[in-house]
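Take the stops in order, and look around each selection before you move on.

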Amino acid sequence: MADDEPVSFTTREALLYHQGIRPGKIEIVASKPVATQRDLSLAYSPGVAAPVEAIAADPSKAANYTARSNLVAVISNGTAILGLGNLGALASKPVMEGKAVLFKRFADVDAMDIELATEDPEAFVNAVALMEPTFGGINLEDIKAPECFIIEAALRERMKIPVMHDDQHGTAIITAAGLINACHLTGRSLADVRVVVNGAGAAAIACTALIKAMGVAHDHVTMCDRDGVIYRGREQGMDQWKSAHAIDTDARTLAEALDGADIFLGLSAAHALKPEWVKNMAERPIIFAMANPIPEILPEDARAVKADAIIATGRSDYPNQVNNVLGFPFIFRGALDVQATTINEEMKIAAAHAIAELARDRVPEEVSAAYGGESKQFGRDYIIPAPFDPRLMDVVSAAVAKAAMDSGVAQRPIEDFAAYRLSLRSRLNPTTAILTQAYEQTRQSPKRVVFAEAEQEIVLRAAIQFRDGGHGKPILVGRTEVVLRKLGELGVDDPESFELQNSEVSDLRQEMFEYLYQRLQRRGFLERDIWRLVNRDRNIFGSAMLALGKADAMITGVTRPYSQTMREVRLVLDPKPDHVPFGIHLLIGKNHTSFIADTTVNERPTAEELAHIAEQTAMVARRLGHEPRVAFLSYSTFGNPSGKWLENIREAVQILDERQPNFEYEGEMAPDAALNPRVMEKYPFSRLSGPANVLVMPGLQSANLSAKLLRELGGNAVIGPMLLGMGQPVQIAAMSSSASDLLTLAVLAAAGVVS
């Protein structure tokens, strides 16, 4: 049932996240050039008159000339905000902004949050209906029952665009997908199962209605609320929506209803399902305990009495998470792409079947990697796909689009579904999905990570996020009293629960001294020099923890220049055998990722080093979901102009010619010849099939300048520098890094994406 991951964090950290850089989580960005007077004349007056007249003559042209066909309104009045209750429209705004972010992140759907300050259903409906010319779809959110039923029904009647209350139907669709697969595994037919639904709110009623539409018999579903079984003739606490699901039954309590039941659907409250009641259910029972954050019954408690139970919850720390993000982005994506006039039952059922079938397909390597390398295949602990499965975009969206066409609600049918699915896959940058998988992988296999500059607030914030996100155990290096005080200032209730290493008093000092003295005694270091390094230099201390196996990775760099930190780390740690250490910056745009190397270490790489850097960067590109196309950059393109600094680049290309790597490469070439398709056309002999995504720089000066300029001036997100080639996972961050930057580097290091 969750749209987000149920991980813990401090209130201060959450507020800093929403306040930092610029308040809130969304912004408006122009999708067309607006730099010149001519651009502005085309964007507004007089150029805007042309599309205005075209749309006035033919309203369908709005899909060609405006953003409407990819724009969804996320609308709430704040009467049922998550699990917080009725806190008002304004308080719901952070949630609605968050929903807009999920639309963009998972399905490239633009979304705008709208909060309406009314609890009057009629006023709400009138306000939303008047906005139909603006939006291609309406996602209703966090509206309490029964008003949500009234509002959705009225809007669907009045509006000719898709309208969906996700709290109802999103949960219902994912639940139905899981039930399809659970029944498949247990040899049950939907037509025969006996279902008990605990809860009679919006989500429970929507789940019940959908599974009945999919074949579950009306009389086989017993719904319960806080007053017990909803039966024909009951008067207490009834309304028209509950009455629609009343049945003839002698059962009056949840315990009685569960006797012999095949399926339990819980959309109610923590611990509402008792183990002794599970014991009386049918063999191999199917239990969906979806209350959040604490389910109706914990999976381990259910399996203690029914070891063969198939269990789903709303939580990410158990298998089979019922997460709405599996559905709503892709349902709206498919509906928008065919300009559907509504989201009907056929489209919801198609989405449920598509999600179910996806879980039964072979799980691709990138999804298994997100589970720490464990092979996840269809079975009782994998009946629902992972939320970050990259196949959801095209599988679910295409199924919804086709159902809209087949049911006659599509205004712009798709002619070539193969091309359509290819276009869906190309809408999203695979890097974002892989990064999500890296975060999940560290949760599955937590690591010990040294945060070597723990007296810095920004470092502590990253360490807190790392621990509270479940990614592993942070080891904080610094003066004990300073670190404890700053943890308290950051709102940490239990600062003593962190592992602190004070280099002046640590029990590890003697072992570190012996290791370093043996390593450095013939490199000009006296005993007193070694003691001074161990006692006073936190980079030395943290690196020694790695060298001695006391930690799995290290993050440092925010207090000293990169080159100085690298020298200190190299006193303790060696590169991998036959490897050259170097740095990579990632530039992540909407639909592309570029890898720039070497941006941090080697001032003037040799031809052999350039070839090695190209091979290793290509490997990282593949880990992050990209087919590498390598360009060796220069001021010269294939000898024009000539110069004295070209030979090592040409020799690097020759070395790769001899090695025959399994990726495209070309050089020497200027950046426009590597990246601009119009310039690339002038060099038809180039071996690159498209714009390069791995850019190997000729020297540190140009590489470092380029990376820093792009970070400060560019419009792309930048990750890095990321250090490769060291024997242990150590990452040296930029001095300008944010807590989010440090967390990302820590997770990538712990997950082994960069090493």
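Begin by selecting Glu615 and Arg659, whose side chains form a salt bridge in this predicted model, with the closest N and O atoms 2.9 Å apart. Glu615 belongs to helix α26 (residues 607-623) and Arg659 to helix α27, so that the pair links distant parts of the chain, 44 residues apart. If you colour by accessibility, Arg659 counts as partly exposed, because its relative accessible area is 35%. As a general point to keep in mind here, side chains of opposite charge can pair when their charged atoms come close.

Next, select Asp108 together with Arg427, where another salt bridge is found, with a distance of 3.1 Å from N to O. Which parts of the chain does this pair tie together? Asp108 lies in the loop between α5 and β2 (110-115), while Arg427 lies in the loop between α18 (417-426) and α19 (430-444), so the pair ties together parts that are 319 residues apart in sequence. Asp108 is buried, with a relative accessible area of 4%, whereas Arg427, at 25%, counts as partly exposed.

Is Asp529 buried or exposed? With 19% relative accessibility Asp529 counts as buried, because the cut-off for that word is under 20%, while Arg532 is partly exposed at 40%.

Now select Lys93, Glu97, Asp113 and Glu115 at once, and you will have a network of residues linked by salt bridges. Over the model as a whole, the count of salt bridges comes to 41.

To look at one pairing in detail, select β17 (residues 629-633) and β19 (residues 694-696), which pair in the parallel sense over 3 bridges; among the residues involved, Val630 has Val694 in β19 as its bridge partner. Strands of a sheet pair through backbone hydrogen bonds, either parallel or antiparallel.

From β17, move on to Ser636, which is placed in the loop between β17 and α27 (647-659). What does the side chain of Ser636 reach? The backbone nitrogen of Gly639 is reached at 3.3 Å, and the backbone oxygen of Pro641 lies 2.8 Å from a polar atom of the Ser636 side chain. Ser636 is buried, with a relative accessible area of 0%.

For the last stop, switch to a surface view and select Leu82, Leu84 and Leu87, which make a nonpolar surface patch of about 340 Å². Leu84 is found in the loop between β1 (71-76) and α5 (93-107). Is Leu84 buried or exposed? Leu84 is exposed, because its relative accessible area of 58% is over the 50% cut-off.

How values were computed. Residues are numbered from 1 along each chain as its sequence is written. This is a predicted model: local features need pLDDT of at least 70, side-chain atom pairs count only at pLDDT 80 or more; totals for chains, interfaces and linings use all residues. Side-chain values use heavy atoms; hydrogens and water are left out. Patches are made of residues with over 30% relative accessible area and no salt bridge: like charges are joined within 9 Å, nonpolar side chains (Val, Leu, Ile, Met, Phe, Trp, Tyr) within 5 Å. Accessible areas come from the Shrake-Rupley method with a 1.4 Å probe; for residues, only the protein chains shown count as cover. A salt bridge is a side-chain nitrogen of Lys or Arg within 4 Å of a carboxyl oxygen of Asp or Glu. Helices (H or I, at least four residues) and strands (E, at least two) are DSSP runs, numbered from the N terminus. Buried means under 20% relative accessible area, exposed over 50%, partly exposed in between (1.4 Å probe, protein chains only). Two strands pair if DSSP finds at least two bridges between them. A polar contact is a pair of N or O atoms within 3.5 Å; within protein, one must be able to donate a hydrogen and the other to accept it, and residues adjacent in sequence count only if both atoms are side-chain atoms.
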